[in-house]
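Below is a short briefing on one protein chain, grouped by topic. The sequence and structure come first.

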Amino acid sequence: MARRKEHKLDPRSFQASEAVLGSILLHAPAILEVDLLPEDFDFEWQRAIFTCMTDMSSRREGIDVVTVSERLQESSPAHAMELPNGGTWMGLLSQLMQETPTWRNIASYAKIVKDRSIARAAANGITFGHADELAGAMGSVGNKAMRAVGVDVPEISYSDIRDKEDQGI
């Protein structure tokens, strides 16, 4: 009898993470369409780029390959961080732009990044107390992602939460 092969959700998504960053480089206002944190990204260099972009956006500074590269070089020199293929910030950012299919799908890319971030947290031993907190914060998307990696997340409705709040729980 053939053995059934189990498929597990890979808790990383290199393409989606890179597409979010590339989308912002292609169309800076697209950053307003994502609800991500630096921790949602897989690698230190991705977190550094996203942090730089969000900081620049909050200061209403222009975001493009040149400005982001300059800011990163000042704050996180490439030699101080392991970049893919031993590259430079300018080369990496240019590659992200070239490999991003379209900025218009940034919300979809960001959803994949967030779902995988939640799956990584669950796979890395998040406690059930934290799972409930995270599930509440993320809603049904978070619940689905955590269930995909085997975390038992109870169904709870907003009226249940309101009832508990009314009771002071």
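The buried residues of α1 are Ala 16, Ser 17, Ala 19, Val 20, Leu 21, Gly 22, Ser 23, Ile 24 and Leu 25; buried means under 20% relative accessible area, exposed over 50%, and partly exposed in between (1.4 Å probe, protein chains only). The model is predicted: local features need pLDDT of at least 70, side-chain atom pairs count only at pLDDT 80 or more, and totals for chains, interfaces and linings use all residues. Residues are numbered from 1 along each chain as its sequence is written, and side-chain values use heavy atoms, with hydrogens and water left out.

- The cover over the buried residues of α1 includes α2, α3, α4 and α5, where contact means heavy atoms within 4.5 Å.
- Leaving aside residues up to four places away in sequence, Val 20 touches Leu 36, Phe 41, Ile 106, Tyr 109, Ala 110 and Val 113.
- The 13 residues of α1 should span 18 Å at 1.5 Å a residue, and its end C-alpha atoms are 18 Å apart, which agrees; the expected span is 1.5 Å times one less than the number of residues.

**Helix α3**

- In α3 (residues 65-75), the buried residues are Val 65, Val 68, Ser 69 and Leu 72.
- These residues lie on the same side of α3 because they cover an arc of only 100° around the axis; the arc is that of the directions from the helix axis to the C-beta atoms.
- Packed against the buried residues of α3 are α1 (14-26), α2 (44-58) and α4 (89-99).
- At the start of α3, the backbone nitrogen of Val 66 has a side-chain oxygen of Asp 64 within 3.0 Å.

**Nonpolar core**

- The largest nonpolar core has 32 residues, and those with the most contacts inside it are Val 20, Ile 49, Met 53, Val 68 and Trp 89. Such a core is a set of buried Ala, Val, Leu, Ile, Met, Phe, Trp, Tyr and Cys residues joined through side-chain atoms within 4.5 Å.
- Two or more residues of this core come from each of α1, α2, α3, α4 and α5 (106-123).
- With seven residues, α2 gives the most to this core.

**Whole chain**

- The chain has seven helices and zero strands; helices (H or I, at least four residues) and strands (E, at least two) are DSSP runs, numbered from the N terminus.
- Of the 169 residues in the chain, 35% are buried.
- Among contacts between residues at least 6 apart in sequence, 65% join residues at least 24 apart.

How values were computed
A polar contact is a pair of N or O atoms within 3.5 Å; within protein, one must be able to donate a hydrogen and the other to accept it, and residues adjacent in sequence count only if both atoms are side-chain atoms.
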